[in-house]
Amino acid sequence: MISNQGLTMASFEIQMTVNGREVRQPVSPHLRLLDFLREELHWTGSKEGCGAGECGSCSVFVDGVLMKSCLMPVAKAQHTEIETIEGLEEQGKLSVLQQAFQKMGASQCGYCIPGMMMAATAALKTNPHADREEIKERLGGNICRCTGYQKIFDATELARDVMNDKLPTKTLEEETEQESYIGSSSFRLDTSGKVTGALKYAGDMVMPQMLHMQVLRSPFPHAEILEIDTSDAEAMSGVEAVVTCIDVPGIDGFGVFKDDQPVLARDKVRYVGEAVAAVAAEDLITAKDALKRIKVQYKQLPVLTKPEEAIKTGAAIVHDDVPDNIVMHIPIRKGNVEKAMIESDYVIEESYYTQPVEHAYLEPEAGLAYLDSDGTLVIQSPSQNITHHRHKLAKILDMPVNKVRMIMSAVGGGFGGKEDMHYQGILALAVLKCRRPVRYVFTREESIIASAKRHPFSINYQLGLNRDGLIQASRIHMLSDAGAYNCSTEGVMRKAAILGAGPYAIENLMVDAIGVYTNNTPNGAMRTFGAMQSQFATECHLDLCAETLKMDPVELRRINFLRQGDETHTRQKLESVSMLEVFDSALDISQWESGISNSRGATRSDLGLSGNRPPCTLGARQFQHETVSAGQSA
Amino acid sequence: MLYCDHYHVPQTLDEAFDLIQINHDRHKVLAGATDLLPWAREGRAGDVNFEAVIDITKIADLSKWELHGSRVSLGANVTMSQLLNNPFLRKHIPIMAKSAIWFADDQIREQATLAGNLINASPAADSTPPMLAMNAEIILDRKLNGKFMQRKMSLDEFVTGPGKTKLEEGELLTRVICDSMPEYGSAFEKVGHRRSLVISTVCLAALIRLTEDGTKFKDVRLALGGTGPVPVRLHESEACLINQTVETELINKSANLAIKHVNSRTRQDYRREVVFNFVKRGIMEAIKDFNKACTEIKNDIQPGIDHG
Amino acid sequence: MNAPLRKYSRHKRGRGVAAAWYGIARTATIDRAGAWAELDDGGTAKIITGVTEIGEGILTVLAQIAADELGIRPQDVTIGDNDTARSPEAAHAGATRQTYMIGNAVALACREARKRLVKELAHEWEIAEDDINCSNRMVSTVDKSRCITMSEAVDICKNKGVVPVGSGSFTANHTGLDPEDGSGSPWQAYVYGAQVAEVEVDTETGEVQVLGVWASHDVGRAVNPQGVEGQIEGGVVMAVGQTLMEDYKQADGYPSTMNLAKYILPTSLDVPQVTSAIVEDPDPLSPLGVKGIGEPSMIPTAPAIINAIYDAVGVRIHSLPATPEKVLAALRDKQKSADSEEMQAQSF
């Protein structure tokens, strides 16, 4: 019997074969097959990405059938044969499919790859002649966030052809001995660890005496913390430490541009999911149980959720030192916009909106922290910014910088989302309090609510143009939700402002990018850092202008592009501008037919050419000779 | 997480009922587990603790299917994968394969059961509309004081609301019985926000049988999911077609009659339009399926509004 | 007219195009990165830098650069990375900066290490340093009269009491923006991109499928073309997700899409075929001429798709994501306004 503070669980004996080895041991009945493989047997190749069957990082073979091991209570695997990613190598050599993934560069962060590799293996096992569309269907339960899937499809097709002797085995080899390695598609150094599941991510790591941490998070978007009572939790056996903001020895606060976020909520909470307190305990269940015994008294405060409300006078204040709730306002001014608008033949106005977006890296945040023998605090986590985090932590912990050591563990996808130091500080406090290694692994749900998102933008766009399409003036007003903390808002506003008007020569320009605090989930760094939001508006707006001017949208862009020697919107003179060359190249490879949009309909000659995939008609593999409700005609 | 003190894997129904009785209000019956485990997570039910989990998937009696006259009897353990791949099932209830290919993904279909999908009673459950269209009945068994008792009811009656059914404490859904329909043409239409692992915004099951000369509807079965608290059979839409000549105007009328069933909390306008389009399309596709040789119908009747 | 194409179909196709630009490395502030290099026994090399690989393939890129500079192969290079206590600062993984900043730092470090080695050999062979070549794991005189392996060369150097090490620090001189008018030089290197998207719109459900994306990007000198393609394909697909389906929702501050069933991502069945073209306009201000691709690859995709939807069905979606609901509602509005125009026309 395993006893965990009132939760009694009978263990039973499980018997199975894992990667050819007999396993027979007592197991707690609540474990899923994935937990058993990873935590009990330390076959950590299979990953947990979502815990709910939505991502496939945990796919394994159960008696030869591909299954999601996070959806399988371990008891269901009684007397089965399990094969994981670690079992795919053939006599110590990469399988053909693993070699093909290596050859095609099909793994990037590598976190989805164990599951993906199992799914691709299953696909070719089920149908050794599966075509690309069938391969896609069979990989339909496995999400990849890095590669865009294309190289995974390519690799699976390559493996299929090698296995069927349609391509020689040599095709899988690397081209070696070259004059110059710049410009060559060398194999990735990290591939073999990724296609075999050998690479350890932070959540895969264990240390002797390691404790498990869990974090209590705010249930409210905005509330004052009246009291935190941790005494019951601390009294529990198995609990080594409970930490709150009072445990911060130095100057609390972290952020990318401004240190406005406490390690653990101080005096108030500003968004749902904000970390309030944490427990380090002997096992995960005890840590979770202890969280329930921490009593926090909140007094709810008015909630701000819309940036346009937050900037009104009299609105609630999210941070006392920023009474207008404006995190950052970046202006760009050039020429005389008023005058140029009046003189333009056309002034075209429209508003655009982009939504908050989750990074959804397949690896939820995780970290393992410990003290080195010399007292150095070491934190291994998938941090995208170890240098910056080291500085912040030294200040927070009041330790010399060289006594804080950040090691970036293998990163299972970042996209900007792992730039914020939103849990490394908590781990540090726990380690310093209990002087033992502490590990913290986020659930997918925690990762989503606690981490920063892509900033949503509301953009009002005004463009003044002449009849011939030359842009005379541009006025772009961007209002963006920063959420509860600054994170990267300042930088995101700056990039949105600098690049927003697009790669066009514009003499008269007025751009404002304003980021505003609310009580929403914080928004922070995400791939393009504001540039995709602002340029989304620009590029949609140019097509709208082309429609009004009855112009080819290609021509409209072409005559306005920045050219060598032009000044940017921030008045920087450009030495070399490849825009036209790049643009023509895109038109060229797509065999673009020039003309006005939505006027030619199906008669445009460039539809349905090579470079398109067939439209997805799900079930094509099943119902090839039966009716499926889809068809393609342009 | 789903916590339990004991995980039981009964081999017979009898054993299962004994376990249910012993653990009466402290147990959870589980089959595929593909809905239960995601349910017991943060943001949904959170951590859930049962004294006993009773896994019925090893009960051999519940894993069978049989043909009884014109009805097919499906044990509670029949998986989505079997509906998709088993030749017998594909012959007798071909629409289930068309629905199953849209259900989650290859891997989840190996574990997820038809009965589980029905019991969960999600408004968007993909299996419910085709089963409603096939006049499905539910067999509910229980053992009380050593005696076996059985209830039988239509699926329509069984599902009462989102996540709600008439399943009572101590009862097991043991079989699903539906029409065998090899002679029908069928279609399953579904729309969501992506193409794999996708939850239906609207789904429609259509089963059609034409007269021998292919000019009239002999039988029409239509059912809709995702549009309200429970999936519904479209009796009026069916009635307006049965014994009538196959023609566009009538199909439009039938589709129009379906719109009023949109009763969802959100996206009503969208669903109304899609329901109209789906009923028309579903009927057309089922007709095509019924008689693939009948090219005249395809050419004569062009469903849909041309926006282009 | 083309009769078969005019026939009714609920599926409509269209194409759209969009352009984009981006700045390389940290914005409007000086950026820097450091690296150490050592030509090691057996003709191998160690590169030590605080670089943080997040899956994009930067370690491979650095190994290629080091191999190229030192005259060895990428697999001969061992990289010590990602540790603030053991490696020089290379700063963060972001801002499309790693190939540019750390690539150049590694090149500089390798040049110094190589110079140290070559100096000893030049002394040994009594020739000028410029007359020595390192390539293909061989060290030779330009006239090939002498030719030894890199392994032997390292031995000679070490026997002279010199370890061939080097360090490199690379600086990108960016200036801040004027607080009033925003003027300044936020980056020294810019990249440009353009993409074409082809979509199919189902006019009965509003579903949009992106079937093809043709992406052309200036990345400066491309170190690993396959890796560049990987970044383009990944960026395009991430943008397809944002354009068509992804939406992090909150109601009154309470998140409602807190798992991957509610927050949905593109699956293998939702992604376009991507055709990439790499344009190489080398950066003139840095040693290698490399620039970057990680972020800019996803900028043009969303507007190209939105513009393609317009081309296909004549409706403009102004807010992301372009869900089936939004597209169908726009089609309905368009139909209504067309109907009312027709009625007005009739009444006059």
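Author: Domain bounds here come from an automatic or database domain assignment. This is a predicted model, in which local features need pLDDT of at least 70 and side-chain atom pairs count only at pLDDT 80 or more, while totals for chains, interfaces and linings use all residues. Residues are numbered from 1 along each chain as its sequence is written, and chains are lettered from A and ligands numbered from 1 in the order in which they are written.

Reader: Which domains does the assignment give for chain B?

Author: Chain B is assigned domain 1 (2-58), domain 2 (62-179) and domain 3 (185-300). Between domain 2 and domain 3 of chain B, the C-alpha centres are 22 Å apart. The contact between these two domains draws 20 residues from domain 2 of chain B and 23 residues from domain 3 of chain B. Two residues are in contact if their C-beta atoms, placed from the backbone, lie within 7 Å.

Reader: Which elements give two or more residues to the side of domain 2 of chain B that touches domain 3 of chain B?

Author: Elements are DSSP runs numbered from the N terminus: helices (H or I) have at least four residues and strands (E) at least two. On this side of domain 2 of chain B, the elements giving two or more residues are α5, α8 (128-133) and β8 (159-161) of chain B. The largest share, five residues, is that of α8(B). By class, this side of domain 2 has 13 nonpolar, three polar and four charged residues. Nonpolar means Ala, Val, Leu, Ile, Met, Phe, Trp, Tyr, Cys and Pro; charged means Asp, Glu, Lys and Arg; the others, Gly among them, are polar.

Reader: What is the radius of gyration of chain B, and what would a compact globule have?

Author: The radius of gyration is taken over C-alpha atoms, and the globule rule is 2.2 Å times the number of residues to the power 0.38. For the 308 residues of chain B a compact globule would have a radius near 19 Å, and the 20 Å of chain B agrees with that. Its C-alpha atoms fill a box of roughly 65 × 45 × 30 Å along the principal axes. Chain B contains 13 helices and 14 strands.

Reader: How many helices and strands does chain C have?

Author: Chain C has seven helices and 13 strands. Its radius of gyration is 27 Å, well over the 20 Å that the globule rule gives for 348 residues, so chain C is more spread out than a compact globule. The box filled by the C-alpha atoms of chain C is roughly 100 × 50 × 40 Å along the principal axes. Of the contacts in chain C between residues at least 6 apart in sequence, 76% join residues at least 24 apart.

Reader: Is P272(C) buried or exposed?

Author: A residue is buried if 20 or more other C-beta atoms, placed from the backbone, lie within 10 Å of its own, exposed if 12 or fewer, and partly exposed in between. P272(C) has 27 C-beta neighbours inside 10 Å and therefore counts as buried. Its place is the loop between β12 (254-255) and β13 (273-279) of chain C. Beyond its neighbours within four places in sequence, P272(C) contacts R613(A), V210(C), L211(C), G212(C), V213(C) and V240(C). Over the chain as a whole, 67% of the 348 residues in chain C are buried.

Reader: Is P249(A) buried or exposed?

Author: P249(A) is exposed, because 12 other C-beta atoms lie within 10 Å. P249(A) sits in the loop between β10 (239-243) and β11 (268-269) of chain A. Residues up to four places away aside, P249(A) touches L397(A) and D398(A). P249(A) and I396(A) are 147 residues apart in sequence, yet 6.7 Å apart in space, C-alpha to C-alpha.

Reader: How many residues does the contact between chain A and chain C take from each?

Author: That contact takes 136 residues from chain A and 125 residues from chain C. The chain A side has 57 nonpolar, 49 polar and 30 charged residues. The contact of chain B with chain A takes 39 residues from chain B and 35 residues from chain A. On the chain B side, β1(B) gives the largest share, six residues. The classes on that side are 16 nonpolar, eight polar and 15 charged.

Reader: Which residues have the most contacts inside the largest nonpolar core?

Author: A nonpolar core is a set of buried Ala, Val, Leu, Ile, Met, Phe, Trp, Tyr and Cys residues joined through C-beta atoms within 7 Å. The largest one has 427 residues, and L62(C), A66(C), V106(C) and I309(C) have the most contacts inside it. Helix α3 (residues 98-125) of chain C gives the most to this core, 13 residues. Not counting residues up to four places away in sequence, the residues that I309(C) touches include G14(C), V199(C), V201(C) and V208(C).
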